[in-house]
Amino acid sequence: MGTLWGSFYIGLRSLNASQTGLSVTGNNIANVNTPGYSRQHAVLTEALSIRTAVGAMGTGVDVQSVLAIRDRFLEYRLVQQGPQQGREETLSAALSAVEAVFNETQTSGIQSAMSAFFSAYSALASQPENMSLRTDVLTKAQQMAALFRSHSAALEEVQLGSDRAVSSIVSDINALTAQIADLNQEVVQMESGSIPSANDLRDQRDELVRQLSKMVNIAVTETENGAVTISAGSGRLLVAGNRSYDLTAVAQPPSGFKNIFSGTTDITAEITGGTLAGNILARDTYVPAYLSQLDTLAAQVGSDVNALHTTGYGMNNLTGFDFFVPWVGPVTGAAAAFDVDPAIVADVNRIATGSAINQPGNNDIATQMADLATALNMSGGTASYSNYYANLTFNVGEDLSRATDNLEIESAILTQLQNQRDAVSAVSLDEEAAAMIQFQRQYQAGAQFLRVIDDLTEFVINTFGS
Amino acid sequence: MRVVATMQYRNLLDDLAQQKERMDIAQRQISTGLRVFGLKEDPLAAGEISNLEAQEALVDRFIHTADNAVAKLNYTDAVFSQLLNIVTSAMTTGAAALNLNTDPASRQALADRVAALREEVLANANAKHQGSYIFSGTATLTQPYPTSASAYQGDPNAIYVRADETTVVQTNIPGDQIFQGTDPLNVFEYFTDLQADILANDTVGINQNIQALQGVFDRMNALHTVVGNATSQVNMIKERLGSGKLENQTLQSKLGSANLAEAITDMTLAQTGLEATLQSGAQIARLSLIDFLS
């Protein structure tokens with residue numbers, strides 16, 4: 001049989017439980033916009049009953065725990081999706097910078113400069129003696145050469161930008177893994193004590209892991225003591241327990257671009273996801289391919305023009321001059337060094353137009369030079385310079401289009417996963433408002449109950465105490 | 001599914017971004033008239049436009065070459081017309097001398113006229129177009145005939161220009177072909193001989209020179225026809241190039257130009273969509289149980 005004093009404790013427990021519930025609700029409302037926060041829930045349980053002559057009597061309510069609502073599978077999928085989205089986002093941004101270089105739908109570029117050069121030579125073929133037309137050939141050649149150089153420099157700048165980003169991302173990764181290791185330690189310490197689940201610390205750690213997953217492809221496993229072990233690439237340890245293992249970005253000859261090392265092992269090839277992979281892909285795969293095509297074109301144009309020019313005669317009856325500064329050896333760097341030969345710049349009479357001495361009206365070489373514009377001298381004799389360059393711009397557009405499409409797909413998947421996670425873990429103000437009313441009512445009822453017990457107690461004291 | 005505010009805001013922002021991107025594309029299409037702004041929007045079209053622009057530049061180059069060639073050929077044609085008139089005048093003067101019998105003063109006058117005509121031939125033989133001698137072969141800076149007594153100073157080479165990808169057209173006739181050909185004497189020598197024969201009242205000589213000048217006339221006339229044919233050929237090529245250029249531009253326009261009606265419709269739809277998204281988005285913040293608590 002219950003007692004009045006026992007009822008006091010039932011009322012008190014009710015007040016405590018509703019206060020805890022209100023605190024949890026308040027905390028949820030306060031964190032409604034906190035990234036990575038998982039809503040919490042006060043788990044109420046019936047307090048242990050006591051045995052009486054009339055049977056077991058309830059003793060009120062206890063707060064068993066404060067539980068964070070999470071779906072481990074969705075958290076895992078988010079970490080899995082991060083690297084895909086991060087890689088495509090970075091690659092798309094880098095290729096957009098390349099697109100700006102080659103976007104001849106908006107500005108004049110190499111294609112029109114090549115056309116202008118060969119057209120100027122064609123005009124010179126009509127009047128080889130015309131000094132103004134000679135100067136025009138020189139000007140157009142210089143403009144074309146300058147564009148080859150500036151395009152090459154712009155591509156190298158994109159490469160350098162990606163390389164600088166690699167160093168910066170490695171620093172960010174190391175900072176994140178150090179924080180995660182610290183949080184590992186705190187979670188383990190807290191959960192090994194009286195607190196069953198370090199909800200807030202876990203939320204913070206999960207958010208950092210998600211940030212990390214956008215930077216590099218990682219694998220995450222949770223150990224029994226609550227710590228997470230994180231590895232990158234092919235199992236290269238980043239975090240284990242309270243220790244983090246730094247990655248390093250080390251410059252490699254001859255380019256000076258940085259590779260990624262885990263300890264003494266070069267793991268660059270293992271980086272397949274995240275912003276780190278996006279930058280490495282842009283730097284080592286995409287931009288070099290464009291540069292190579294640009295170099296090939298510059299080397300071929302220079303070589304073909306020189307081959308013809310050296311056989312011709314200028315107005316001064318001199319022969320054997322290169323038109324462009326000759327490029328010897330592999331094509332790498334040909335576009336960056338592309339320029340008109342200083343001897344031609346110094347004297348436009350050296351521009352060869354004729355095939356024989358003392359024939360200023362002879363335009364054989366000038367005509368052949370103009371014909372180079374349509375000659376199939378590229379890609380093993382299957383493409384003209386303009387076809388080859390159009391193909392290069394197509395490649396840039398196609399790569400960017402694919403990266404943009406991939407980014408849209410990966411972003412949509414990520415958004416979907418974030419929504420799914422939020423559907424489980426995010427705070428709903430409606431729910432919190434309802435919970436608030438619930439706990440408010442519980443508190444009010446508990447307090448009312450205490451007043452009744454208090455009145456009864458007073459009545460007993462006043463009636464029998466006097 | 002449990003719907004929370006963060007999801008709604010995230011989806012709202014995604015929807016707004018999409019509507020604004022759609023509006024931006026439509027607006028740029030309307031304001032620029034272009035369909036393709038970057039390579040990624042339509043890489044194939046961008047590559048094709050690049051090729052077409054190169055082809056258009058090539059056509060422009062041929063048209064420019066053709067214009068130059070036509071100008072030079074037209075000038076040459078005019079010079080030939082003058083030369084034919086001069087030679088005709090010389091033959092007429094010779095024929096007149098045959099009818100004058102022994103009047104020395106009249107003969108002197110006719111001889112002087114022949115001499116004057118010879119100088120006119122000389123002036124035409126040394127004609128220049130844009131600073132270059134048109135009848136000195138490829139030695140275009142060398143005067144073909146410094147004097148009427150001079151031998152030909154130019155060279156026998158023809159000058160060709162490429163009128164299109166497969167056609168080359170000769171734009172000059174070397175002076176030795178015009179003024180001498182396969183004759184033993186050049187045209188100036190015939191004029192000089194005719195002048196002397198008129199003064200000497202040598203009717204046989206005058207007749208021989210008139211016949212020789214007839215040969216010169218026939219040769220010049222034939223070469224004049226060559227020039228005329230070359231002019232016609234270049235003009236026809238130019239006309240064909242112009243049509244090709246128009247087709248090229250039409251194709252470029254199809255590939256790269258915006259369909260304005262479609263763009264304006266897109267713009268209107270995107271604007272309506274954006275307004276609807278903004279209005280519905282504004283409701284998200286209003287509808288919460290919190291607002292109904294007293």
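**Exercise 1. The two chains**

How many residue pairs are in polar contact between chain A and chain B? Work out what else the interface holds.

*Solution.* Keep in mind that this is a predicted model.

Step 1: start with the count. Between chain A and chain B there are 27 residue pairs in polar contact, both residues at pLDDT 80 or more.

Step 2: look for salt bridges. The rule finds three across this interface. One of them joins Glu431(A) to Arg2(B), with the closest N and O atoms 2.7 Å apart.

Step 3: ask which parts of chain A take part. Helices H2 (72-102), H3 (110-126), H8 (364-371), H9 (385-425) and H10 (429-465) of chain A each give two or more residues to the side touching chain B. H9(A) gives the most, with 20 residues.

Step 4: sort that side of chain A by class. You get 23 nonpolar, 28 polar and nine charged residues.

Step 5: Chain A brings 60 residues to the contact and chain B brings 46. The buried area is about 4200 Å², and carbon and sulfur atoms give 53% of that.

**Exercise 2. Two domains in chain A**

Find the domains of chain A and describe how they touch.

*Solution.* Domain 1 covers 4-69 + 427-465, while domain 2 covers 77-414. The contact uses eight residues from domain 1 of chain A and five from domain 2 of chain A.

Step 1: check the distance. The C-alpha centres of these two domains of chain A are 65 Å apart.

Step 2: get the area. Together the two domains of chain A bury about 510 Å², with 37% of it on carbon and sulfur atoms.

Step 3: count the links. There are zero salt bridges between domain 1 and domain 2 of chain A, but three residue pairs are in polar contact, both at pLDDT 80 or more.

Step 4: look at the domain 1 side of chain A. Strand S4 (residues 61-68) of chain A gives the most here, with three residues. By class, this side has five nonpolar residues, three polar and no charged.

Technical notes
Residues are numbered from 1 along each chain as its sequence is written. Chains are lettered from A and ligands numbered from 1 in the order in which they are written. This is a predicted model: local features need pLDDT of at least 70, side-chain atom pairs count only at pLDDT 80 or more; totals for chains, interfaces and linings use all residues. Side-chain values use heavy atoms; hydrogens and water are left out. Domain bounds come from an automatic or database domain assignment. Contact means heavy atoms within 4.5 Å. Buried area is the accessible area (1.4 Å probe) that two parts lose on being put together, summed over both. A salt bridge is a side-chain nitrogen of Lys or Arg within 4 Å of a carboxyl oxygen of Asp or Glu. A polar contact is a pair of N or O atoms within 3.5 Å; within protein, one must be able to donate a hydrogen and the other to accept it, and residues adjacent in sequence count only if both atoms are side-chain atoms. Helices (H or I, at least four residues) and strands (E, at least two) are DSSP runs, numbered from the N terminus. Ala, Val, Leu, Ile, Met, Phe, Trp, Tyr, Cys and Pro count as nonpolar, Asp, Glu, Lys and Arg as charged, and the others, Gly among them, as polar.
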